[in-house]
Amino acid sequence: MVLKECVRGLKELRPLTHLLLPLCFHWIAEAMTVSVLVDVVTSALCPGQTTCTEAIYISGLQQTVVGIFKMVVLPLLGQLADEYGRKPLLLITVSTSIFPFAVLAWNQSRESVYVYYVLRTISFIISQGSIFCIAVAYAADIIEEGNRAAAFSWITGFFSASHVLGNLLARFLPEKYIFVVSIVLLIFGPVYMHFLLAETVERVPKRDRDSTFLTKITNVAHKRYESMRDAAAIVFKSPTLRGISFVLFFYELGMSGISSVLLFYLKAVFGFNKNQYSEILSMVGIGAIFSQILVLPLLNPLVGEGWILSLALLASIAYGLLYGLAWASWVPYLSASFGAIYILVKPATYAIISKGSSSMNQGKTQGFVAGVKSIASLLSPLAMSPLTSWFLSSAAPFDCKGFSIIVASVSMMIALCFACLLKPDEKLSHDPEDEIEAPLLRES
């Protein structure tokens, strides 16, 4: 049974080969740098110290700035992917990570770290979240609706596998080679896509070539406004899409808050370094591969995406509470094991959103809901950065160094409450145009 589902999943993914291969190299390259960045940033900004308040605040500021701009950029990129094609938008988004890592490959001084943060902030604004949104829309163009949950799970499974490989490379490669190898892999992705990735959306011919420049600018602004308004109407008129937006807002509020401070927290409390980070991230990734590639495709036909989403949210709550209450250095490893289950939040929500929107609006709805998530990622560091720094300092009102992570877990409890109210089978009526205009690569 398991083998049969695996073979079926691989057959479904065959048309996505030229999408997934370069994305896997991109994800491997980014994962390689995660475990070493904390040491590099801490050494540059707070030499000789294990706790670096400046690094925590800069990371929080970065996340806040990214969240502000992503509220507009994510829905915009989703709209553009529907109108101008998935391929050009993917090429733009996957290329942005090259430049910040090139800076650290060249120099790791205090000034270079500041330049890295500026470039990485711009990169995150364009690529963070949008790569997944556009990739999911690309997959929805090709995969039949009944098989999308399994296909999305395989995509996120490949994402987890890429992170495992990236963490293993980071674990065994000398630190001086990590950024160089990462840059090579990051360049490979867009080059491969440019030559081999097929487009799935037929572009509408331009009709305003004789218009003046000012008229074109006005038309573009009006078109973007109308498209944004349409996306908002689609989401808020659908009980399913409206409900999943609330779920993802509170989930992201908690999880992004934890992610922004977790490695600094582990370094300050337990003295973790690159090797321990790589071990924890690899353990999460290995469990996530199993759950996304095997467990979700088997469970989804039996219980549905809504039940899987609730289970994953429960695991995310346990994940946060264990980290926040960690009383020994082995507890973070136990907490990380829940990553194998909470990772299912992604494919389950992608499937629910995809089923709740028409084929012509996949990028638009995925992008709009991702924009709602970005509001949460904007708000969470405003509380998490100062709260974490306060409870890691000697001025803390009581001895609970992970108190901020416990607070973030409460937000995920609220997400679970909204998830229990969801009815994923409710669907938004499809546009009549869907019957006329189908994606280019959809199999007959």
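Start by selecting Val36, where helix α2 bends by about 45°. That bend is the angle between axes fitted to the seven residues ending at a residue and the seven starting there. You are looking at a predicted model, in which local features need pLDDT of at least 70, side-chain atom pairs count only at pLDDT 80 or more, and totals for chains, interfaces and linings use all residues. Residues are numbered from 1 along each chain as its sequence is written, and side-chain values use heavy atoms, with hydrogens and water left out.

Now widen the selection to residues 17-45, which make up α2. Helices here are DSSP runs of H or I with at least four residues, numbered from the N terminus. From first C-alpha to last, the 29 residues of α2 reach 42 Å, close to the 42 Å expected; the expected span is 1.5 Å times one less than the number of residues. Because 23 of those 29 residues are buried, α2 is largely enclosed by the rest of the structure. Buried means under 20% relative accessible area, exposed over 50%, and partly exposed in between (1.4 Å probe, protein chains only).

Next, pick Phe368 in helix α16, residues 362-392. Its relative accessibility is 12%, so Phe368 counts as buried.

Last stop: the cysteines. How many disulfides are there? The count is zero, with a disulfide taken as a pair of cysteine sulfur atoms within 2.5 Å. Select Cys133, which is buried at 7% relative accessible area. Cys420, by contrast, counts as exposed at 55% relative accessibility.

Key:
Helix = DSSP H or I, 4+ residues; strand = E, 2+ residues; numbered from the N terminus.
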